[in-house]
Amino acid sequence: MRTILLLTFLLLSSLLYAQQPNIVFILADDLGYGDLSCYGAKDIRTPVIDKLCSDGVKFTRAYANSTVCSPSRASILTGNYPDRVGVPGVIRNMPDNTWGNLADGISTLPEELQEAGYHTALIGKWHLGYKSPDLPNDRGFDFFKGFLGDMMDDYYTHLRGGINWMRENSKEINPKGHATDLFSDWSVQYIQERSQKDEPFFLFLTYNAPHDPVQPPMEWLKKIQEREPGATLKRQKLIAFIEHLDAGIGKVINSLESENISDNTIIIFTSDNGGALTYGANNAPFRGGKGDMFEGGIRVPCIVKWSECINPHSTDQPIMLMDFYPTLLEAAGGKVNNNLPSQSLLASLKNGKYFKDNRMMVWVRREGHKFGGRDYYAISDGDNKLLQNTPFESYSFFDMKDNCFEKVPSGDSKQSNRLQKELTKHIQKSGNMPWQ
């Protein structure tokens, strides 16, 4: 009898795993809204991402939860605003200039997926802590292979300030090659290994590219210089960098297809914030870039593909990247915390029907340097937006229905005052969150 019960349990478990989708969440670093051909770029060719776009759901109003890296990543992994989980700004290996610490006791997406029977992996950039208990393996990832730090000073040496932050789980490693190629190849290896297992997997693939230093392989740069001779060297380098990234993503997509698991795999592609204008990024048609609360700093390309369950379409529904936390948990059959400010998109993705809810979306960044450790904010209900781009300037109000390019502030003191009151409520609640 015991043998029969065990076999029945294993059979039911196998059926459950077969129904659960694999998840591959691909996050670019500082990719501009207008720097993909499927989002309007004329000088960039991104055939892999373009095909994802044509085969999946294209969001035209997807927002990162912050205009810089660490806060956005914290929101993706917790389904919450970054200042409510202890990460209002960039986490650095600099005691006098670090602005967050992911809160202990916060349930993360990989932890919840583990509970739902998933094997979880992070390959690529972490940027949410440099030592235990704030390492990927401490926060729900069964496997980690990548870079702990904020940015690489060189894509071939992988050093930051002379320190090697490359790890395989807790072991320091010193791999050879361009970081984009390494992360792509490691992801292919992981997919090949996990496709032979019964349990579903969650792969969080987080590239450093196209974050500066803009350092494409030389053969890619030469190709772009021949094709785009009229572009500046700065722009040529960024084009080559992004096209090289697209090719790396192609390896990962091809591996899913080769292992015959593509149809029941949810693939998400997006960026942690807008492109850095200093390095030649294009956030067209929007104003601003990384570091700004203008649309160019927070609106990001975002594509979702799940061939078995989602028909291709495009939507202008405003979403935040934290919304993928409940969305993926629901798709995986996990437990969804309805007390979070994030919202599941699963039903809308499946039926193509989106509803306007007028929820308040808030963005925050705390920073040292010229900001002296102060915060600056933006808030929007989808139709109206209040923002500042430094802690020292007055807020500007924009009617997003008629003024989404934010050229000149709109004049509506009633709506502006309403948003200011809502932002005050958010700041009061977030003020209870210790992080340092």
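This is a predicted model: local features need pLDDT of at least 70, side-chain atom pairs count only at pLDDT 80 or more; totals for chains, interfaces and linings use all residues.
1. Overall architecture. The protein chain contains 11 helices and 17 strands. Its radius of gyration is 21 Å, close to the 22 Å that the globule rule gives for 436 residues, so the chain is as compact as a globular protein of that length. Taken along the principal axes, the box filled by the C-alpha atoms is roughly 75 × 50 × 45 Å.

2. Burial and contact range. Of the 436 residues in the protein chain, 61% are buried. Among the contacts in the chain with a separation of 6 or more, 65% are accounted for by residues 24 or more positions apart.

3. Nonpolar cores. The largest nonpolar core comprises 100 residues, and F183, F269 and F324 are those with the most contacts inside it. Helix α7, which spans residues 233–258, supplies the largest share of this core, namely 10 residues. Apart from this core lies another, of 24 residues, with I298, M361, W363 and M400 among them.

4. Surroundings of F324. When neighbours within four places in sequence are left aside, F324 is in contact with F25, I268, C302, V304, I319 and L345.

5. The largest pocket. This pocket has a volume of about 420 Å³, and 20 residues line it, of which V68, R92, K290, R365 and E367 lie nearest its centre. Sorted by class, the lining has 8 charged residues, together with 6 polar and 6 nonpolar ones.

Technical notes: Residues are numbered from 1 along each chain as its sequence is written. Side-chain values use heavy atoms; hydrogens and water are left out. On a 1 Å grid over the protein atoms alone, a cavity is a set of points where a 1.4 Å probe fits but cannot get out, and a pocket is an open set with protein on both sides within 12 Å along at least five of seven lines; lining residues have an atom within 4 Å of a point. Grid points are joined across faces, edges and corners, and a volume is the space filled by probe spheres set on the points. Ala, Val, Leu, Ile, Met, Phe, Trp, Tyr, Cys and Pro count as nonpolar, Asp, Glu, Lys and Arg as charged, and the others, Gly among them, as polar. A nonpolar core is a set of buried Ala, Val, Leu, Ile, Met, Phe, Trp, Tyr and Cys residues joined through side-chain atoms within 4.5 Å. Buried means under 20% relative accessible area, exposed over 50%, partly exposed in between (1.4 Å probe, protein chains only). Helices (H or I, at least four residues) and strands (E, at least two) are DSSP runs, numbered from the N terminus. Contact means heavy atoms within 4.5 Å. The radius of gyration is taken over C-alpha atoms; the globule rule is 2.2 Å times the number of residues to the power 0.38.
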